[in-house]
Amino acid sequence: MTKPVVAGVGMIPFAKYPQRTLVDLGAEAAFLALQDANVAPGRVEAGFFANAVGSRLFGDSTIGQNVLWEVGVNRVPVINVENACTSGSTAFYLACNAVAAGQAEMALVVGAEKMCVPEFGLINSGESEWDTQLGLVAPASFALRAQRHMLEHGTTVEQMAQVAVKNRAHAAGNPMAMFREPITVEQVLAAPMIVDPLTRLQCCPIADGAAALVVCSEEMARGLGSAAVRVEAVVLGTGGYESPQDLARWETDFRVCAQAYEKAGLGPEDLDLVECHDAFTISEILHYEALGLCPPGDGGRFVEQGHATLGGRVPVNPSGGLLSRGHPVGATGVAQVMEVVSQLRGQAGPRQINGARIGLAHCMGGDKAGDTKSCTVAILGI
Amino acid sequence: MHTDNEQDTLPLVPKGIAAEAGGTGPVLIGGHCPHCRRDFFPRPRYCPGCMRPPQERLLSGDGVIYSYTVVRIRPPLGLPQPYAVGFVDLNQSGLRIFGLLNHGDIDRLAIGKRVRLKLGPLGQDGGGQACMRPYFSLVAAEGDDD
């Protein structure tokens, strides 16, 4: 098995693009990644395209072929990937596996989403699911976890608000982020209540956007001359969906993170940065614990003490995370990997973590029986 | 307001997960695998443990709030604004299940409080028609239904 590397990255700023099509957004990111890798599209031997809601919003399907054709990638296998919020990270997982298995020497990963349309509504876990029919919406799933975490571990609303404040401060250094103006704990807590205890500034905003990665074998990367970043491990897991689920200690999250560390032969103490799925403030607190950045139950105190802030023990979401970068669902998992790659290459500008050698990208998606439908973790090194 | 007669004719959404059971009040329609001795809600086609088809098992709707929240944004499905949802630990089966909570109880909800299943007119179905839904309602501390 050859080790996959990321040889090129590209993305467009996450924002609202009412005048542009989904295909147009994806194609620009793909172009930028190919240009960054300094490769001609004819060298790409497989394409993986991630999108989560295009089929629902626009009735489109097999969008990846449209996007990849725009950048000269054709005649090769193209796979369209939908895996909720992990659509993009799942596409990356598949591309890494294809390269590792020798099925493709070079693969292109593109994640794109256009969702800032009237009447988008709220994300749920599927219109026909019985719990959706009983009023389950994505923010409620996480509010229910927050309530338990507060009760069991004494986590406070101020600590949760600190996650939003920190990620917004990080986003100030990221021109790709949707929201870059600083906010305060007071502003976060005074924002309109969405689902108790989560206010609007504790819920990630929807966005349009696209991101892309060129993944190839180490051998091929050596000939390209671009700064390649090794994929030390990339794993994907699903939930157990057994009842009762512990909402304050997410078994699937812990299990998948542990698998990634084991596969990479690394641990939380080795990490220089983390990009994680902060769809809601409480999510990031839960992920600190699952990732072993702090003991179970200590996530609120971890952010309060500044350990997750740039300059702290393990900066988490230096990009601004979903909370400030915005969450174009299919693009998010790809943008997370891009942030890790940019940091390891030393190309992260004002938010650069000096000397970063090892970074982790964590993503989660979907909801079933109080558990997640998908969790991915990638560990990258240079 | 609906009369009892009108309520009787309203469809229950979602289908097949709860029913009136005479004198004991409504029940949840779950499954039970005698081989694995596991209960399920809702009832799956196959037991994930042994792949045998689980039997239907009517589950008592008495339980305790494990977690709850109040959804304050514009509600889906014609539900009240605000409305409440939660996870309830069912006393008899030990299952922890998601469900609607009585929006009339919003100011009194707390983790650990006792609840009981009810069926009543609540929101709309996918076609915008009024429908019944199962929801959990707080039970008075003495154990009497409020």
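Mentor: A salt bridge is a side-chain nitrogen of Lys or Arg within 4 Å of a carboxyl oxygen of Asp or Glu. Keep in mind that this is a predicted model.

Trainee: Why is the pair A:Asp196 and B:Arg72 called a salt bridge?

Mentor: The closest N and O atoms of A:Asp196 and B:Arg72 are 2.7 Å apart. The cut-off is 4 Å, so the pair qualifies. The count between chain B and chain A is 1 salt bridge, alongside 12 residue pairs in polar contact, both residues at pLDDT 80 or more.

Trainee: Which elements of chain B give two or more residues to the side that touches chain A?

Mentor: Strands S5 (62-71), S6 (83-90), S7 (96-101) and S9 (130-138) of chain B do. S5(B) gives the largest share, 6 residues.

Trainee: What makes up that side of chain B by class?

Mentor: It has 21 nonpolar, 4 polar and 5 charged residues.

Trainee: How many residues are in contact, and how much area is buried?

Mentor: In chain B, 30 residues are in contact with 29 residues of chain A. The two chains bury about 2500 Å² between them, 65% of it on carbon and sulfur atoms. In chain B, B:Tyr66, B:Ile73 and B:Phe98 lose the most area to chain A, together 24% of what that side buries.

Trainee: How do you know that the span of helix H6 of chain A agrees with its number of residues?

Mentor: H6(A), residues 138-153, has 16 residues, so at 1.5 Å a residue the helix should span 22 Å. Its end C-alpha atoms are 23 Å apart, which agrees.

Trainee: What follows H6(A)?

Mentor: A:Gly154, whose phi is positive, near 70 degrees.

Definitions and conventions: Residues numbered from 1 in each chain as written. Chains lettered and ligands numbered in written order. Heavy atoms only, no water. Helix = DSSP H or I, 4+ residues; strand = E, 2+ residues; numbered from the N terminus. Expected span 1.5 Å × (residues − 1). Contact = heavy atoms within 4.5 Å. Buried area = accessible area lost by both parts, 1.4 Å probe. Polar contact = N/O pair within 3.5 Å; in protein donor to acceptor, adjacent residues only side chain to side chain. Nonpolar A, V, L, I, M, F, W, Y, C, P; charged D, E, K, R; others polar.
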